[in-house]
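User: Please take a close look at one part of this model, starting from a single residue and its surroundings. Then set that part in the context of the neighbouring elements of the fold.

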Amino acid sequence: MMTDYRNLIDGEMVDNGQWLDVVNPANEEVIARVPSCGKDELDRAVAAARRAFKTWRKTSPEERQKVVQGIAAAIKDNADELFRLLTSEQGKPHAQAQQEIYGAAGLAAAQSTLTLDDVINQDDDERLSRTRRVPVGVVGGIVPWNFPVMMAIQKIVPALIAGCTIVLKPSPFTPLTTLRIAELIKDVVPAGTVNIITGEDSLGPLITSHPDIDKITFTGSTATGKKIMEGASADLKRITLELGGNDASIVLPDADVEKVAEQLFWSSFSNAGQICVAAKRIYIHEDIYDDLSKAIAEYAKGVTVGDGSQQGTGVGPIQNKKQFDRVCELIQDAKDHGYQFLTGGNVDPSGTGYYVPITILDNPPEEARIVAEEQFGPVMPLMKFSTVDEVIQRANNSEYGLAGAVWTKDTDKGIEIAEQLETGTVWINEFLHISPFAPFGGHKQSGFGAEYGVDGLKEFTYPQVITLKRDALV
Ligand code: NAD
C-alpha cells in the first residue's frame with residue numbers, strides 16, 4: 001500500500017493536498033507520495049523558523065546539546081525501520097543504508113558537543129575586547145539524493161547548535177526517510193526550530209531568494225551551486241556550498257596490490273559511485289599497473305549488482321533516471337572512442353530498475369569525458385603514470401578540488417604528495433573517512449566554505465566584537 005508522508009512545519013506534520021510521487025530505483029515502482037510545496041508553504045515554514053529563532057537563539061549550549069542528542073537517539077532507536085526505508089527510496093544496499101543511518105545518529109551525537117567559545121582579543125588596563133559568535137538566524141538547507149539522511153543531519157545539527165533555526169528541503173528523489181525522521185523528532189525539537197518541506201527543484205530558488213532566510217547551506221552539483229550563489233547575492237545571504245568532485249587516487253609502486261585492490265574498488269563503487277568524494281580517477285604506477293588492474297577487475301567479478309534490499313547485493317541501482325541516462329551517455333562516449341573496458345560497459349536501458357554494471361576502463365586518455373567529468377556512477381577509469389611530478393600535475397588538472405588519496409607504504413612520501421594536491425581533503429592509505437571534528441570542504445569549484453568541526457559551525461554564526469574602553473570617562 002502506498003503511504004503519504006507529511007512535512008514538518010511549526011511542530012506539526014502537515015500536507016497541502018498536492019503530491020509528488022517517489023519511485024524505488026530498484027524496480028521503478030511508485031512507493032510513496034510527499035507534499036509538493038511552493039511559496040505559501042515556504043512562507044509558513046520561514047515564518048515559523050523566524051518566530052522560533054527569537055527564543056532558540058537565547059538557549060544555553062546545554063539545552064541545544066540535549067535537543068540534538070534527542071535527535072541522535074530518535075534516529076538510532078528507529079534505525080531498523082529507517083535503513084530499510086532509505087534503501088527503498090535511494091537504492092543503496094541495506095548494509096550501506098545502515099551505515100548512513102547509524103553514521104547520521106553518530107554525527108549528531110558527536111557534533112552535539114561542539115561549542116564556540118569567546119575569544120579575548122585584548123585584556124589590559126586600556127581595553128577589554130572580546131569576540132563572541134552570534135547565530136546568523138534562519139537557515140535554508142538544500143540537500144541532494146545520494147546521502148539524503150546524512151546531508152540533512154549535517155545541516156540541521158550545526159544550525160541548532162549554533163542557535164539558528166532551519167527550513168530544510170530534501171531532494172524530490174529521496175525525501176521519505178528525512179520526513180520519517182521529521183515525524184520522529186517532531187516532539188524532540190521545539191516547534192519551528194526545524195521545518196522540513198518537500199517540493200520539486202523549483203522550490204530551491206524560492207528558498208535561495210527568500211528575503212527572510214539569512215543563510216543557505218547547500219550540498220549538490222556545482223552547476224546548482226553557482227545558481228545558488230547568484231540567488232543569494234540579492235541580499236548577501238551567507239552561503240556554504242558542498243559541490244561536485246573528480247577525486248584522484250594515486251597508487252605508488254610500493255603499494256600492496258592484493259590489499260589495495262579491494263579498498264580501491266570500494267572507494268569508487270560504494271553507493272554505486274554516487275559519492276562526492278568517491279575515487280573517480282585512479283592513477284596507478286606503471287610498475288604495478290597490470291597486476292593491480294587485473295586484481296581490481298577480478299575483485300569486481302565477485303560483487304553483485306542488484307536490488308539493495310536483497311541479501312548479497314554489493315552495488316545497487318543508480319538513484320534516478322536522469323543520472324542513469326548521464327552515466328549511460330558517458331559509457332557510450334567511451335565506447336564510441338574505442339577505449340578499452342576491463343569489466344562492464346554493457347547497460348540494458350530497456351530493463352526495469354536503473355542498473356549499470358560495474359564498469360572499469362583500462363587506461364583511457366586524460367581528455368576522455370569519463371575521466372575529465374564527474375561520473376557519479378559505478379564507473380572507474382584506471383590510468384597509468386610514470387613519475388610523481390607527472391601524476392600530481394594530472395591529478396590537479398581539474399576544475400574540482402574536493403578530495404584525493406595516496407596509497408603507499410612510504411608515509412613521508414604520501415604526505416609530501418598530499419601537500420601538493422589541490423583538494424580540501426587528502427587520505428593516505430584509506431578513503432571516505434570524514435571526521436565530525438575536522439573541516440570538510442572543497443577547493444576550487446568543489447565548494448565554498450566548509451562543514452563539520454568548529455570551522456563548519458562558525459559558518460552558522462557572525463563574529464561580534466565587543467570592546468570596552470577601560471580608562472575612559474569614569
Ligand atoms: P542537484 O544540484 O541537482 O540538486 C541538489 C538539491 O538542489 C536538490 O534538493 C534539488 O532539488 C535542489 N535544486 C535544484 N535546482 C536548484 C536551484 N536552481 N536552486 C536551489 N536548489 C536547487 O544535485 P544532485 O543531483 O541532487 O546531487 C549530485 C551532486 O551533488 C553531485 O555533483 C555530487 O558531487 C554533489 N554532492 C556533493 C557533496 C559534497 O559534500 N561536496 C555531497 C554529495 C553530493
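Analyst: Glutamate 242 lies in strand E12, which comprises residues 238-242; strands (E, at least two residues) and helices (H or I, at least four) are DSSP runs numbered from the N terminus. The model is predicted, so local features require pLDDT of at least 70 and side-chain atom pairs count only at pLDDT 80 or more, whereas totals for chains, interfaces and linings use all residues. Residues are numbered from 1 along each chain as its sequence is written, and side-chain values use heavy atoms, with hydrogens and water left out.

Glutamate 242 is buried and yet forms no salt bridge. Buried denotes a relative accessible area under 20%, exposed one over 50%, and partly exposed the range in between, using a 1.4 Å probe and protein chains only. A salt bridge would require a side-chain nitrogen of Lys or Arg within 4 Å of a carboxyl oxygen of Asp or Glu. The nearest side chain of opposite charge is that of lysine 155, at 6.6 Å; here Lys and Arg count as positive and Asp and Glu as negative, while His and the chain ends are not counted.

The side chain of glutamate 242 does reach the backbone nitrogen of glutamate 451, at 3.2 Å. This is a polar contact, that is, a pair of N or O atoms within 3.5 Å; within protein, one atom must be able to donate a hydrogen and the other to accept it, and residues adjacent in sequence count only if both atoms are side-chain atoms. Leaving aside residues up to four places away in sequence, glutamate 242 touches Phe218, Thr219, Gly220, Phe440, Gly441, Gly442, Ser446, Ala450 and Glu451, where contact means heavy atoms within 4.5 Å.

Strand E13 (residues 247-251) pairs with E21 in the parallel sense through four bridges, and valine 251 has tryptophan 407 as its bridge partner in E21. E21 likewise pairs in the parallel sense with strand E22 (residues 425-428) over four bridges, where the partner of alanine 405 is tryptophan 427. Further along, four bridges join the parallel strands E14 (residues 279-285) and E19 (residues 379-385); histidine 285 stands opposite phenylalanine 385 in E19.

Threonine 359 belongs to strand E18 (residues 359-362) and is buried because its relative accessible area is 0%. Its contacts, not counting residues up to four places away in sequence, are Phe269, Ile331, Phe341, Thr343, Gly344, Gly345, Pro378, Val379 and Met380. Aspartate 389, by contrast, is found in helix H13 (residues 388-396) and counts as exposed because its relative accessibility is 62%. Aspartate 389 and glutamine 420 are separated by 31 residues in sequence and by 9.7 Å in space, C-alpha to C-alpha.

Other parts of the model are also enclosed. Five of the five residues of strand E8 (residues 138-142) are buried, so E8 is largely enclosed by the rest of the structure. Val138, Gly140 and Ile142 point one way from E8, and Val139 and Gly141 the other way. Five bridges join E8 to the parallel strand E9 (residues 165-169), in which lysine 169 is the bridge partner of isoleucine 142. Helix H6 (residues 176-185) has eight of its ten residues buried and is therefore largely enclosed by the rest of the structure; among them are Leu176, Leu179, Arg180 and Ile185.

Methods
Pairing = 2+ DSSP bridges.
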